[in-house]
Amino acid sequence: MRVLVTGAAGFIGSTTTELLLDEGHEVVALDSLASGVRDNVPTRASFVEGDCGDVALVASLGPFEACVHFAGRIEPGASMDNPEVFFANNVGATFRLVETLVAGGLERFVFSSSCAVYGDRVTPPIDEDHPVAPHSPYGQSKLMVEEGLGWLVSRGRLRAAALRYFNAAGATALHRERHRPEIHLIPLALDAAAGLRPYFEIFGEDYPTPDGTCIRDYVHVSDLASAHVLALGALRDNERLTLNLGTGAGHSNREVLAATRRVTGVDFEVRVGPRRPGDPAIAVADNARALSVLGWRPQFSQLDTMVADAWEAHPGRSATECL
Ligand SMILES: NC(=O)c1ccc[n+]([C@@H]2O[C@H](COP(=O)([O-])OP(=O)(O)OC[C@H]3O[C@@H](n4cnc5c(N)ncnc54)[C@H](O)[C@@H]3O)[C@@H](O)[C@H]2O)c1
């Protein structure tokens with residue numbers, strides 16, 4: 001298939017682009033480089049720098065059978081400060097993209113949604129029928145796109161999959177997390193282990209969990225990439241899919257930090273700060289639907305594997321090994 005991947009210079013987009021190319025698809029990789037990194041984009045893809053909401057640019061790229069849409073702002077905290085930026089980029093630009101692609105005959109659209117659509121009052125494990133109640137403009141922007149896509153599907157414009165990721169983690173030999181700013185636990189813990197941060201801060205230790213810290217469902221970026229390829233195929237027989245992508249297993253912040261110490265061999269300082277507003281105590285997926293509909297089997301999402309892969313790709317690793 002001829003596939004447009006937006007956000008292809010980002011963490012999950014670049015990894016998925018690599019796999020789509022391996023599977024024999026022709027990929028045009030579009031990214032504004034607002035937060036992505038140019039050298040993340042596989043050289044085998046045709047790279048176009050630009051905004052996915054730029055109608056003239058997208059139209060000029062020619063027709064596509066499919067689009068995998070990763071492009072977006074990803075920080076829930078920043079979305080509380082500037083909601084208009086998140087709605088303009090994550091919703092406005094997305095529907096300009098969709099309108100342009102549908103006019104060109106697009107058939108399949110795979111969208112990066114998030115467990116943030118469920119909000120903070122969740123009862124784990126969370127299945128796709130769990131009530132949605134986003135607690136940030138970021139989560140709301142994901143839900144708005146899902147709902148808009150639902151209308152397009154019901155009006156016969158395209159087939160669409162909304163993949164609700166839990167916490168992407170790990171790395172591949174070619175791609176690693178390089179968010180700007182970095183907000184995710186494992187890369188921040190690795191920064192502390194590598195001495196790039198003076199300490200690691202846990203946000204709250206008084207949650208109703210066994211060790212008092214939040215529990216999250218981490219899923220390896222390679223497993224996420226394979227779910228996208230499977231979802232593109234599944235849209236042949238399904239008009240609309242809404243699927244959780246998680247492993248169904250949760251790890252507390254303290255467990256992730258222990259894994260980081262095990263993998264790196266470094267005992268870095270950890271400080272405990274106050275809770276962050278909107279953080280649920282436990283966010284763990286019920287992934288039964290993705291397993292059955294896609295035949296998806298996460299292979300690399302064991303905690304130590306994800307931390308080890310992220311460490312292998314981390315720029316601070318070699319400095320630590322010289323100590
Ligand atoms: N990383 C996670 O744990 C996680 C969890 C749930 C959902 N998601 C979603 O998955 C997607 C990818 O996440 P990621 O971790 O790879 O983030 P990322 O920041 O690494 O990648 C996003 C990419 O989108 C690009 N971009 C942003 N706005 C754009 C626009 N208007 N036009 C073109 N390019 C644009 C950025 O430059 C960046 O390269 C995002 O939509 C995010 O909301 C991520």
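The largest cavity of this predicted model is lined by Glu-146, Leu-149, Gly-150, Ala-160, Ala-161, Ala-162, Arg-240, Leu-241 and Thr-242. A cavity here is a set of points, on a 1 Å grid over the protein atoms alone, where a 1.4 Å probe fits but cannot get out, and lining residues have an atom within 4 Å of a point. The volume of the largest cavity is about 40 Å³, a volume being the space filled by probe spheres set on the points, with grid points joined across faces, edges and corners. At least two lining residues each come from α5, β6 (159-165) and β11 (240-245); helices (H or I, at least four residues) and strands (E, at least two) are DSSP runs, numbered from the N terminus.

For readers following along in the structure, residues are numbered from 1 along each chain as its sequence is written. As the model is predicted, local features need pLDDT of at least 70 and side-chain atom pairs count only at pLDDT 80 or more, while totals for chains, interfaces and linings use all residues; side-chain values use heavy atoms, with hydrogens and water left out.

The count of cavities of 30 Å³ or more comes to two. The second largest cavity holds about 30 Å³ of space, and His-69, Ala-71, Asn-90, Thr-94, Phe-111, Ser-141, Lys-142 and Val-145 form its lining. Two or more of these residues are given by α4 (83-103) and by α5, with α5 giving the most, three residues. The lining of the second largest cavity comprises three nonpolar residues, four polar and one charged.

Lys-142 leads on to the ligand: one of its polar side-chain atoms lies 2.8 Å from a ligand oxygen atom. Asn-89 places a polar side-chain atom 2.7 Å from a nitrogen atom of the ligand, and a polar backbone atom of Cys-52 is 2.9 Å from a ligand nitrogen. A polar contact is a pair of N or O atoms within 3.5 Å; within protein, one must be able to donate a hydrogen and the other to accept it, and residues adjacent in sequence count only if both atoms are side-chain atoms. The protein buries 96% of the 820 Å² that the ligand exposes when taken alone, with accessible areas from the Shrake-Rupley method and a 1.4 Å probe; for residues, only the protein chains shown count as cover.

In total, 30 residues surround the ligand, the closest being Asp-31, Phe-70, Asn-89, Tyr-138 and His-179; a residue is near a molecule or strand if one of its heavy atoms lies within 4 Å of it. This shell divides into 13 nonpolar, 14 polar and three charged residues. At least two shell residues each are supplied by α1 (11-22), β5 (108-114), α5 (137-154) and β7 (167-169), and the largest share, three residues, comes from β5.

Pockets complete the survey of open space. A pocket is an open set of grid points with protein on both sides within 12 Å along at least five of seven lines. The second largest pocket has a volume of about 220 Å³. Its lining numbers 18 residues, of which Arg-176, Glu-177, Pro-187, Asp-191 and His-314 are the closest to its centre. Helix α6 (residues 185-193) contributes the largest share of this lining, four residues, and the lining divides into nine nonpolar, three polar and six charged residues.

Some backbone details deserve a look too. Most residues other than glycine have a negative phi, and most peptide bonds are trans. Pro-124 and Pro-125 are joined by a cis peptide bond with omega of about -5 degrees, and Pro-125 lies in the loop between β5 and α5. Another cis peptide bond joins Arg-180 and Pro-181, with omega of about 0 degrees; Pro-181 sits in the loop between β7 and α6. Leu-33, though not a glycine, has a positive phi of about 60 degrees, and this residue is found in the loop between β2 (26-31) and β3 (46-49).

Conventions: Nonpolar A, V, L, I, M, F, W, Y, C, P; charged D, E, K, R; others polar.
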